[in-house]
Amino acid sequence: MQQININRNYKDRLFRLAFQEKGDLLDLYNAVSGRQYTNPEDIIITTLADAIYLGMKNDISFLVSDVLNLYEHQSSFNPNMPVRGLNYFADTYREYIEINGLDIYGEKLIRLPMPQYIVFYNGMKEEPDRVELRLSDAFLCQNPEENGCLECRATMININYGHNEELMDRCKRLKDYAVFVNRIRENERRGMALNEAVELAVNSCINEGILADILKKNRAEVCNLILYEYDEQKQLAIAREGAKKAGREEGREEGRAQGREEGREEGRALKCTL
């Protein structure tokens with residue numbers, strides 16, 4: 001079997017690759033929103049390098065009619081997605097206002113596209129089909145009688161295989177994505193090395209017409225991407241565990257130092273008494 005080298009400079013994600021075509025993205029949007037758009041040209045892509053909405057790195061962002069959509073993919077649960085969304089939308093609206101020459105100091109109400117924020121989750125930790133993450137949950141003040149003046153809501157949708165089946169049935173591309181990721185994990189559970197698990201999943205999905213178009217055209221790229229992301233997740237987990245250990249050791253050292261100081265104080269007090 002050919003060895004696949006991890007491309008550490010590759011920054012894209014399989015999720016974005018799967019929905020890079022406007023037709024596939026429109027199908028996903030219709031499935032999530034319940035709308036029935038049929039013309040892919042109704043979509044205006046605003047992701048990353050787009051000159052209009054350059055500002056923050058995000059997975060997929062686009063305009064459909066009067067709705068500004070931010071779609072993010074997460075392979076681990078992150079309760080801070082609303083904070084990220086707030087930053088993204090603030091930058092986006094700032095650019096939108098400037099480019100369209102809107103006067104925020106005038107007496108006339110300006111019109112802005114409505115924001116929608118969806119987080120597609122496919123991590124290993126079990127999560128519900130849908131969870132609403134709110135910026136207000138991060139506020140230090142949690143007095144129910146007081147409301148902050150800001151809110152940003154992210155709807156986290158679990159796209160692991162077996163979850164949100166009705167949504168999957170409405171968007172074949174999303175279901176194919178879930179099947180492909182699940183096959184890699186199943187192969188690993190059967191004892192395969194990651195390289196082998198990915199290769200076997202790619203071959204079987206191509207044979208069965210699951211994401212076959214992008215897997216055929218971008219086979220090496222997809223394999224590199226998956227290996228990079230798995231390696232990145234492993235390194236992040238190691239770093240987090242290292243930080244926890246360092247914190248515990250720092251706490252123990254502070255406790256020992258405090259104990260030594262208290263012992264010296266008691267010793268000095270004893271001498272004075274004598």
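**Note on the sheet and its aromatic cluster**

1. At 0% relative accessibility, phenylalanine 120 counts as buried (under 20% relative accessible area; exposed is over 50% and partly exposed in between, with a 1.4 Å probe and protein chains only). The model is predicted, so local features need pLDDT of at least 70 and side-chain atom pairs count only at pLDDT 80 or more, while totals for chains, interfaces and linings use all residues. Residues are numbered from 1 along each chain as its sequence is written, and side-chain values use heavy atoms, with hydrogens and water left out.

2. Tyrosine 71 and phenylalanine 120 make an edge-to-face pair, with ring centres 5.2 Å apart and planes at 80°. Rings of Phe, Tyr and Trp (its six-membered ring) pair if their centres lie within 6.5 Å; planes under 30 degrees apart are stacked, over 60 edge-to-face, and the rest tilted. Tyrosine 71 lies in strand E3 and phenylalanine 120 in strand E4, so this pair ties together parts that are 49 residues apart in sequence. Tyrosine 71 is buried too, at a relative accessible area of 1%.

3. The count of aromatic pairs is 10. One of them joins phenylalanine 15 to phenylalanine 120: this pair is tilted, 5.1 Å centre to centre with 35° between the planes. Because phenylalanine 15 sits in helix H1 (residues 14–18) and phenylalanine 120 in strand E4, the pair ties together parts 105 residues apart in sequence. Phenylalanine 15 is buried, with a relative accessible area of 1%.

4. Ring pairs link Phe15, Phe19, Tyr29, Tyr37, Phe62, Tyr71, Phe120 and Tyr177 into a cluster.

5. As for the sheet, 6 strands form an open one in the order E1-E2-E3-E4-E6-E5, with mixed pairing. Strands pair if DSSP finds at least two bridges between them; helices (H or I, at least four residues) and strands (E, at least two) are DSSP runs, numbered from the N terminus. Strand E1 (43–45) and strand E5 (130–134) are the edges, each pairing on one side only. From one strand to the next, the twist averages 25°.

6. Strand E2 (residues 60–64) and strand E3 (residues 67–74) run antiparallel and are joined by 5 bridges. Leucine 63 is opposite leucine 68 in E3.

7. Helix H2 (residues 22–33) lies across E1, E2, E3, strand E4 (114–121) and strand E6 (153–158), at about 95° to E3. Contact here means heavy atoms within 4.5 Å. Axes are lines fitted to C-alpha atoms, for helices over the stretch in contact, and angles run from 0 to 180 degrees between N-to-C directions.
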